[in-house]
Amino acid sequence: MNERAWSRLVPNVTGFVAAGLVALGVFLWMFVDEGLLVVAGLGAFGPGILREFGILKDQDEFQREAARRAGYHAYLAGGLLAIVILVFLEWSGADAGGGGEWVGLVLVVLWLSWLASSVMEYWGAQKTTTWVMLAFGFFWALFGLAHVVGAIREPGPIEDLAEFFLGLGAVTLLVVPWFVLAWTVKRWPRPTAVALFGTALVLLVVFIRPFQPSGLPMASRVLTTVLLLGPFLACGIALLTESARDDGRGASEAEGE
Amino acid sequence: MTPRLEVRNHVRRHRRLLDITQQDLADQVGVTRQTILSIEKGKYNPSVGLALRIAGVLGASVESLFEIAGGDA
């Protein structure tokens with residue numbers, strides 16, 4: 001059998017490997033350990049993630065277009081189902097186990113991913129990241145301004161004044177990095193992406209600590225983590241992939257000259 | 001908002017003139033046969049890059065392969 005005939009018989013090796021992993025994962029989930037469903041997850045989502053990062057290049061443009069449409073349909077179907085489940089749980093009072101919070105988390109992740117992806121596609125990673133950083137900066141600036149206004153309205157002794165300036169300094173420290181990052185995005189996208197990952201790590205380890213015991217339900221803690229870290233991770237990943245794409249485009253243009 | 005343009009193509013006619021199969025064209029262009037089939041049926045409009053590659057393989061200009069239906073372009 002020649003190579004072309006063989007390639008027609010086995011049209012997509014990735015598809016077979018992915019389907020095999022899904023089948024294996026389901027088998028392991030049913031008969032060995034429920035946690036091994038992760039193997040099925042690797043098969044179902046692994047190829048798509050590798051394609052998005054440009055590591056796996058096994059599809060032509062029509063297949064990518066079909067996959068994009070399928071993804072949009074999956075987003076609409078998944079989002080609609082999540083809303084229906086949430087409304088049902090709310091109205092029926094059947095949410096004794098707190099499942100609604102997890103469904104809500106999935107819904108938030110779905111919608112935010114769609115929003116981030118749409119904006120990134122339309123504006124590009126650099127412009128989007130600039131605006132995200134400015135939004136964070138202005139948010140903390142308003143937060144700081146509220147603190148200052150509150151302090152002025154309640155004048156106190158000199159110790160309070162020192163505390164006020166100390167607080168103002170802390171707020172400035174909190175605000176300035178976002179504007180600095182907004183400025184560096186277009187000049188140094190890769191270092192900015194690394195800085196965003198670092199920021200996410202610091203936020204996770206120092207401030208959020210979602211896996212430490214607290215009074216909040218686990219779903220709420222995960223949701224807080226996603227809302228706070230998601231923008232940094234999404235912007236960082238998008239900056240890196242866009243830079244790699246630009247490098248590839250630049251190399252092919254140089255070859256063409 | 002720009003109205004969606006309906007594009008008509010003559011890829012099948014040009015391919016048959018050269019007596020090559022969809023699979024041959026797909027192999028030379030670097031896509032799947034299904035992609036060529038969808039283009040010929042008018043279900044999918046290729047990117048400019050792919051249109052140029054198809055035109056190169058078929059030895060035709062892009063304008064002779066693709067046109068806006070209604071002929072207003």
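**Notes on the predicted model**

1. Burial in chain A. This is a predicted model. Of the 257 residues of chain A, 12% count as buried. As for contacts in chain A with a separation of 6 or more, 63% of them are between residues 24 or more positions apart.

2. Secondary structure of chain A. Chain A has nine helices and zero strands. Read from the N terminus, the order of elements is therefore simply α-α-α-α-α-α-α-α-α.

3. Length of α4(A). Helix α4 of chain A covers residues 61-92. Does its span agree or disagree with what 32 residues should give? At 1.5 Å a residue, α4(A) should span 46 Å, and its end C-alpha atoms are 46 Å apart, so the two agree. The residue that follows α4(A) is A:Gly93, with a positive phi near 70°.

4. Packing of α4(A) on α5(A). Two packed helices are described by the angle between their axes and the distance between the axes. For α4(A) and helix α5 (residues 99-123) of chain A, the axes come within 9 Å and cross at roughly 150°. Because angles over 145 degrees count as roughly antiparallel, α4(A) is roughly antiparallel to α5(A). The crossing is left-handed.

5. Residues of that contact. On the α4(A) side the contact is made by A:Tyr75, A:Gly78, A:Gly79, A:Ala82, A:Ile83, A:Ile85, A:Leu86, A:Leu89 and A:Glu90. On the α5(A) side are A:Gly99, A:Gly100, A:Val103, A:Gly104, A:Val106, A:Leu107, A:Leu110, A:Trp111 and A:Trp114. By class, the contact of α4(A) with α5(A) has twelve nonpolar, five polar and one charged residues. An α-helix has 3.6 residues a turn, so residues three or four places apart point the same way.

6. Helix α8(A). Which residues of helix α8 (residues 189-208) of chain A are buried? They are A:Pro189, A:Thr192, A:Ala193, A:Leu196 and A:Ala200. Just after α8(A) comes A:Arg209, which takes a positive phi of about 45°.

7. Contact between the chains. Five residues from chain A and nine residues from chain B make up the contact. In chain A, helix α4 gives the most to the side that touches chain B, with three residues. That side of chain A divides by class into one nonpolar, one polar and three charged residues.

8. Packing of α2(B) and α4(B). In chain B, the axes of helix α2 (residues 22-29) and helix α4 (residues 48-58) come within 10 Å and cross at roughly 120°. The two helices are therefore oblique to each other. Their crossing is right-handed. B:Leu25, B:Gln28 and B:Val29 of α2(B) make the contact with B:Leu50, B:Arg53, B:Ile54 and B:Val57 of α4(B). This contact of α2(B) with α4(B) has five nonpolar, one polar and one charged residues.

9. Backbone at B:Asp19. Most residues other than glycine have a negative phi, and most peptide bonds are trans. B:Asp19 is not a glycine, yet has a positive phi of about 60°. Where does B:Asp19 lie? B:Asp19 lies in the loop between α1 (11-17) and α2 of chain B. Is B:Asp19 buried or exposed? B:Asp19 has 7 C-beta neighbours inside 10 Å and therefore counts as exposed, the cut-off for exposed being 12 or fewer.

Technical notes:
Residues numbered from 1 in each chain as written. Chains lettered and ligands numbered in written order. Predicted model: local features only at pLDDT ≥ 70, side-chain atom pairs only at ≥ 80, totals over all residues. Contact = placed C-beta atoms within 7 Å. Helix = DSSP H or I, 4+ residues; strand = E, 2+ residues; numbered from the N terminus. Nonpolar A, V, L, I, M, F, W, Y, C, P; charged D, E, K, R; others polar. Buried ≥ 20, exposed ≤ 12 C-beta atoms within 10 Å, placed from the backbone. Axes fitted to C-alpha atoms, helices over the stretch in contact; angles between N-to-C directions. Parallel < 35°, antiparallel > 145°, perpendicular 65-115°, else oblique. Left-handed = near helix turned anticlockwise from the far one by under 90°. Expected span 1.5 Å × (residues − 1).
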